[in-house]
Amino acid sequence: IILGLRREGESLVVTVADSGKGMSEEELAHAFEKYYQGERSASLKGLGLGLAIVKRIVELHGGRVEARSALRQGSTFTVCLPSGRLRA
């Protein structure tokens, strides 16, 4: 996993990238929906809520979250938050 943090104009941008199995275009289109789990192995557990919760929290803070992914190439999640809402 690679974490990144940078300032872009009036926004703070956080990226989380991995080199995992990635997601198909179909899975990526639904990644932020509640309870969506996509194609996964039987050994993985979860409810399909994590990314939906992240999206809701980010949006409540006036930001946005995006995902890019390709099969067998990993995924990158980007969170952009307005820096004026952040407090040190």
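Student: Is Arg6 buried, partly exposed or exposed?
Tutor: This is a predicted model. Arg6 has a relative accessibility of 40% and therefore counts as partly exposed.

Student: What does Arg6 form a salt bridge with?
Tutor: The partner is Glu8, and the closest N and O atoms of Arg6 and Glu8 are 2.8 Å apart.

Student: And Glu8, buried or partly exposed?
Tutor: Glu8 is partly exposed, at 41% relative accessibility.

Student: How many salt bridges does the structure hold?
Tutor: It holds three. One of them is Arg6 with Glu8. Another joins the side chains of Lys55 and Glu59, at 3.1 Å from N to O. Glu66 and Arg64 also meet through their side chains, with an N to O distance of 3.0 Å.

Student: Where do Lys55 and Glu59 sit relative to each other in helix α2?
Tutor: Helix α2 covers residues 50-60, and Lys55 and Glu59 are four residues apart in it, so about one helical turn separates them.

Student: How accessible are Lys55 and Glu59?
Tutor: Lys55 has a relative accessible area of 29%, which is partly exposed. Glu59 is partly exposed too, at 37%.

Student: What about Glu66 and Arg64?
Tutor: Glu66 is partly exposed at 40% relative accessibility, and Arg64 is partly exposed at 45%.

Student: Changing topic. Which residues make the nonpolar surface patch?
Tutor: Ile1, Leu3, Leu5, Val14 and Val16 make it, and its area is about 530 Å².

Student: Which strands supply residues of that patch?
Tutor: β1, residues 2-8, and β2, residues 11-17, each supply at least two.

Student: Take Leu3. Which strand is it in, and is it buried or exposed?
Tutor: Leu3 lies in strand β1. Its relative accessible area is 66%, and the cut-off for exposed is over 50%, so Leu3 is exposed.

Student: Now Gly20. Where is its place?
Tutor: Gly20 is in the loop between β2 and α1, where α1 is residues 25-30. With 34% relative accessibility, Gly20 is partly exposed.

Conventions. Residues numbered from 1 in each chain as written. Predicted model: local features only at pLDDT ≥ 70, side-chain atom pairs only at ≥ 80, totals over all residues. Heavy atoms only, no water. Patch = residues over 30% accessible without salt bridge, like charges linked within 9 Å, V, L, I, M, F, W, Y side chains within 5 Å. Areas by Shrake-Rupley, 256 points an atom, 1.4 Å probe, with all protein chains shown as cover. Salt bridge = Lys/Arg side-chain N within 4 Å of Asp/Glu carboxyl O. Buried < 20%, exposed > 50% of the residue type's maximum accessible area, 1.4 Å probe, protein only.
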